[in-house]
Amino acid sequence: MNFKQAAGIQAAEAVASGMKVGLGTGSTVYYTILELGRRMKEEGLRFTGVPTSEATEKLALELGIPLAELSELEPLDVTIDGADEVTQGLDLIKGGGAAHFREKMVAAVSKRLVIVADESKAVGKLGAFTVPVEIAAYGWRSTAKRVEAAGCRAVRREREGQPIVTDNGNYVLDCDFGLIDDPGALDRQLKGLLGVLETGLFVGMADAAYVAGPEGVRVMRREAGERS
Ligand SMILES: O=C(CO)[C@H](O)[C@H](O)COP(=O)(O)O
């Protein structure tokens with residue numbers, strides 16, 4: 001079993017029958033979703049999911065997981081999702097899969113956000129991974145200039161010379177700010193810029209992280225009352 005699989009499977013313990021569950025996106029939470037599908041079939045687990053991307057929606061439907069729109073189910077009991085970086089204080093960079101806009105919307109209406117990751121994602125300070133920023137396609141070069149003026153080099157995410165288009169029809173800038181001293185302040189600053197729709201900085205949102213490495217799965221938890 002690889003580390004992503006170990007973290008993903010163990011974190012499925014956060015889901016109990018009757019829950020409303022946000023289903024994240026990526027190659028780690030993929031294993032959580034498979035495990036939830038297995039428990040549905042073999043153990044009679046019953047829950048309803050809210051997917052954070054079209055890819056996750058497709059996987060959940062293949063597994064027979066009942067799904068609903070976010071607005072029909074909120075507040076959700078728990079969301080389980082991956083991350084590109086996670087600090088000891090459970091601040092995150094997300095959006096390596098360009099799904100961070102929906103992921104943040106789903107996490108924001110969840111009573112708990114549980115992160116799954118392998119040890120390579122655990123960092124002392126955010127910022128070695130570039131910050132994904134979802135921006136409107138219209139006038140994207142102007143928006144990129146405003147974002148760069150905030151202190152980074154911003155590169156539009158592309159594949160084979162074509163822009164990556166998010167599930168929401170927008171572009172993503174990958175922004176290199178170097179190591180980030182105050183991710184909350186940076187998130188607020190970026191969100192104030194015309195054309196910026198959402199950032200991959202998740203500050204004060206996560207409640208627990210299942211981080212897997214050679215020693216097994218370590219569960220990091222936010223202290224009670226710490227969530228902002
Ligand atoms: O934020 C995300 C998608 O937008 C992912 O959760 C993040 O990129 C981690 O993915 P993986 O588990 O594949 O490493």
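Of the 228 residues in the protein, 47% are buried, meaning that 20 or more other C-beta atoms, placed from the backbone, lie within 10 Å of the residue's own. A residue counts as exposed at 12 or fewer such atoms, and as partly exposed in between. The model is predicted: local features need pLDDT of at least 70, side-chain atom pairs count only at pLDDT 80 or more, and totals for chains, interfaces and linings use all residues. Residue numbers start from 1 along each chain as its sequence is written.

**Overall form**
- The protein has seven helices and 15 strands; these are DSSP runs numbered from the N terminus, with helices (H or I) of at least four residues and strands (E) of at least two.
- A compact globule of 228 residues would have a radius of gyration near 17 Å, and the protein agrees with that at 17 Å. The radius is taken over C-alpha atoms, and the globule rule is 2.2 Å times the number of residues to the power 0.38.
- Taken along the principal axes, the C-alpha atoms fill a box of roughly 55 × 35 × 35 Å.

**Domains**
- The domain assignment gives domain 1 (3–122 + 203–215) and domain 2 (131–197); such bounds come from an automatic or database assignment.
- The centres of domain 1 and domain 2, taken over C-alpha atoms, are 24 Å apart.
- Contact joins 13 residues of domain 1 to 13 residues of domain 2, where contact means C-beta atoms, placed from the backbone, within 7 Å.
- On the side of domain 1 that touches domain 2, helix 5 gives the most, with three residues.
- That side of domain 1 has five nonpolar, five polar and three charged residues. Ala, Val, Leu, Ile, Met, Phe, Trp, Tyr, Cys and Pro count as nonpolar, Asp, Glu, Lys and Arg as charged, and the others, Gly among them, as polar.

**Ligand shell**
- Among the 17 residues around the ligand, Gly 26, Thr 28, Gly 82, Gly 96 and Gly 97 come nearest; a residue is near if its C-beta atom, placed from the backbone, lies within 6 Å.
- Strand 3 (78–82) and helix 5 (100–108) are the elements that give two or more residues to this shell.
- The shell divides into three nonpolar, ten polar and four charged residues.

**Helix 6**
- In helix 6 (residues 140–148), the buried residues are Thr 143, Ala 144 and Val 147.
- They lie on the same side of helix 6 because they cover an arc of only 100 degrees around the axis, taken from the directions from the helix axis to the C-beta atoms.
- Arg 141 and Lys 145, on the other side of helix 6, are exposed.
- The cover over the buried residues of helix 6 includes strand 7 (131–135), strand 8 (153–156) and helix 7 (183–191).

Terms used:
Contact = placed C-beta atoms within 7 Å.
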